[in-house]
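Trainee: Please take me through the structure shown here. I shall ask as we go.

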Amino acid sequence: MCLAVPMRIEISLILTPEAREGDYVLIHTGFAISVLDEQEARETLALFAELEEASRELDRAEGREP
Amino acid sequence: MGDTVLLAHGSGGLLARELLDDLFLRYLGDDELHALEDAAVLSPIDGRLALTTDSYVVQPLFFPGGDIGKLAVCGTVNDLAMRGAVPLYLTAGFILEEGLPMADLERVVASMAATAREADVRIVAGDTKVVGRGAADRLFINTAGVGIVPPGIHISARNARPGDQILVSGAVGDHGLAIMTQRHGLRFESPIQSDCAPLSGLVQAMLAVCPGVHVLRDATRGGLAAVLNEIAGQSRVGITVHEEAIVVHEAVSAACELLGLDPLYAANEGKLVAIVPPDAASTLLEVMRAHPLGAEATIIGEVQAAHPGAVVLRTAFGTQRLLDMPAGELLPRIC
Amino acid sequence: MSQQGFRPQAFRDPAAAQRLIAAAKAAVAEPVAIMEFCGGHTHAIMRFGLRDALAPEVRLLSGPGCPVCVTDDADIDLAIALASLPDVTVATFGDMIRVPGTGGSLADARARGASVEIVYSALDALDLARNQPGANIVMLGIGFETTAPTIAAAVRVAADEGLANFCVLSLHKLTPPAMRAILDGGVVRVDGVLGPGHVTAITGSDAWSFLPERYGVPCAVSGFEPLDILLSVRDLAVALAEERPAVINAYRRSVTGQGNLVARQLMDEVFVLGDARWRGLGVIPASGLDLAPAYAAYDARNRSAIELPPAGAGPHARGCRCGDVLRGVIAPPECPLFGRACTPAKPVGPCMVSAEGACAAYYRYGRSPS
């Protein structure tokens, strides 16, 4: 899960030697196991935003207050 | 005075007297205390006496936002305030472990003195014992607190009534997570601070506009969930709270996700829950938000006759679930 | 890059959720059953009320994806026996400590004087070994493909350092064999699978291709936020409606087809496949990881002459139905012990103890006042 709060904890990069400073990583029991693909993350968030907007439009069209 | 606490410091002899003069009395400036009698004799009190006792065993002794000394004063003052009492006097009994660095003790006592001044309460009696290495974990503090309840004030966990509104004075979980993140070595760019604070001023401001407040509780061990369950049980009412209305600071939320904790069960040391008649709710909210310790106050839910003894949480998704009493030892040595 | 967008809230918006729920329900012509393999998914589903929201068109079943829950009694007893040896300290992840074997839990053993330490990471166990040269540290290796590489990494570090007082009791298990066993068992109807996101970050989504290819069952690899899960459920519903079984990667920000090659390579080096006994599923061939011969010196099984107690004895006699919960045969509230004799405070079986256990999730999030 992505966290927006900058944190400094010691983790091992043994499993993600490709990780660079500034990368977001998925952490499991003290190890980074995967480096976040930011482009994919952005696309997923864009999809959710679209869904949210579509849902609100539907509510408005049907006269439901948000 | 030496660098560390020795057994002799607790024995009542010369070293003990030195510790008293050079450390305790240097910071704790009350006249009655300085008289060094066996008991403090105080002016008569005209009104109902409120009396409370607490012990403090928090680990670590020092944490972001406070320390065991500050906690000892705030915790006791807040217990009095939760019955609507104006806090007057505190006692402070110390159990020290042989080998405790004197600098730590000094820091704790200085903090107690400063907090007592801030809370406008007098520390009028004290005691010190020293036990051998290993027989206590560094430093324990026991207090008793005395206050006076003004006439017409009847605040009790048994007073919640269907229709009442439930308010919280601010964000929850800060103290518990401040301690836990320290213990687990999690370091944030701005560390989570304990919310440890004396609430008597806030309570007095609230009672000035609404003396008919039904319930006040500070949400310490077991957090908001524990307090709501206790009130629901003691008043034999049902409670519904809305997840979206409960304020949780972002860093606390993040730390909870990481540590697998729930902020609704995490301890607070500077937050109160108020259960009030419905027509007083919005005025009280305004008054609370105008006070520095109530700036993030919100109305989080209501009391009803249905499902007595149970606390129900409505989630942002519109679903609902039982918010139980916490089970077992979630956060040891939190206060 | 804006940090704003990466807040948990962006993955939890109720309006987007409603849309996905509606789409999933509209897609299916008749009710479908989707198994969420992973305990983390069960937890999130319960926490956000997704099970009720998707019913009755989409039925979600919890599966065996809780490594603590599927650990057999005999293995727990072995860990306790090791911890009770003089000079041995068992290092374990926190969840495991309260799970009962046939004679109590590691926590009970600790209260009786056994040396048990809770660690957050295998790296902590290495530190224990370095700081206590006189003690034998046994790291309890429990977990699926997400955790196994971290234990493998620790074993490699120990070997590189010549850390002689560190070893591992490997109880690691692999997830695809369990999924196969459930489908082969034929007891529960599973139309689609919600794939475990973090396991698949390691194994790669290609590891699940056997589901559509051999069983005709679509699999959507899912993240753990509520919108991730709903997106995956919607994708599965659509795949089912179009009779188009496939592996769908719905967690593309963390999962690729190949997964984490470094981690997989490390696992291949340090471990070999073996048979493993799963609570609820029995012995599944080639579903467990044992220390490879090259790392025999770090295998706790080589270091002790402890007799394994007979397998199969245990909570079954006490009415515990964890096995059936793990196979999706019953939901936790259908177990007669749920909420009565078995609660988080007094657990009978591991499904109530573990943070990823289905019973714990139902207990915490699934009860309404009645």
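Mentor: Contact here requires C-beta atoms, placed from the backbone, to lie within 7 Å. This is a predicted model, in which local features need pLDDT of at least 70 and side-chain atom pairs count only at pLDDT 80 or more, while totals for chains, interfaces and linings use all residues. Residues are numbered from 1 along each chain as its sequence is written, and chains are lettered from A and ligands numbered from 1 in the order in which they are written.

Trainee: Which element holds Thr42(C)? And is Thr42(C) buried or exposed?

Mentor: Thr42(C) belongs to helix 2 (residues 39-47) of chain C. Helices here are DSSP runs of H or I with at least four residues, strands are runs of E with at least two, and both are numbered from the N terminus. Thr42(C) counts as buried because 30 C-beta neighbours lie inside 10 Å. The cut-offs are 20 or more other C-beta atoms within 10 Å for buried, 12 or fewer for exposed, and partly exposed in between, again with C-beta atoms placed from the backbone.

Trainee: Leu261(C) brings me to helix 12 (residues 261-270) of chain C. At what angle does helix 7 of chain C pack against it?

Mentor: The angle is about 60°, and the axes of helix 7 (residues 148-161) and helix 12 of chain C are 9 Å apart. That makes helix 7 of chain C oblique to helix 12 of chain C. Axes are lines fitted to C-alpha atoms, for helices over the stretch in contact, and angles run from 0 to 180 degrees between N-to-C directions. Under 35 degrees counts as roughly parallel, over 145 as roughly antiparallel, 65 to 115 as roughly perpendicular, and the rest as oblique.

Trainee: Which residues meet there?

Mentor: Helix 7 of chain C contributes Ala148(C), Pro149(C), Ala152(C), Ala153(C), Val155(C) and Arg156(C), and helix 12 of chain C contributes Ala263(C), Leu266(C), Met267(C) and Val270(C). By class, this contact of helix 7 with helix 12 of chain C has nine nonpolar, no polar and one charged residues. Nonpolar covers Ala, Val, Leu, Ile, Met, Phe, Trp, Tyr, Cys and Pro; charged covers Asp, Glu, Lys and Arg; the others, Gly among them, are polar.

Trainee: How do helix 6 and helix 7 of chain C lie relative to each other?

Mentor: The axes of helix 6 (residues 122-131) and helix 7 of chain C come within 9 Å and cross at roughly 25°. The two helices of chain C are therefore roughly parallel to each other. Their contact is made by Ala122(C), Leu123(C), Ala125(C) and Leu126(C) of helix 6 and by Thr150(C), Ile151(C), Ala154(C), Val157(C) and Ala158(C) of helix 7. By class, that gives eight nonpolar, one polar and no charged residues.

Trainee: Now the interfaces. How many residues of chain A and chain C take part in their contact?

Mentor: Chain A gives 27 residues and chain C gives 36. On the side of chain A, strand 2 (25-28), strand 3 and helix 1 (38-61) each give two or more residues. Helix 1 of chain A supplies the largest share, 11 residues. This side of chain A has 15 nonpolar, seven polar and five charged residues.

Trainee: And between chain C and chain B?

Mentor: There, 14 residues of chain C are in contact with 13 residues of chain B. Helix 1 (14-27) and helix 3 (50-54) of chain C are the elements giving two or more residues to that side of chain C.

Trainee: Back to chain A. What is its mean pLDDT?

Mentor: The mean for chain A is 82, and 83% of its residues reach 70 or more; pLDDT is the predictor's confidence in each residue, from 0 to 100. Within chain A, confidence is lowest in strand 1 (residues 7-8), at a mean of 60, and highest in strand 3 (residues 31-35), at 94. Where pLDDT is low, the predicted coordinates should not be read in detail. Chain A follows the pattern β-β-β-α along its sequence, and buried residues make up 24% of its 66 residues.

Note on methods:
Two residues are in contact if their C-beta atoms, placed from the backbone, lie within 7 Å.
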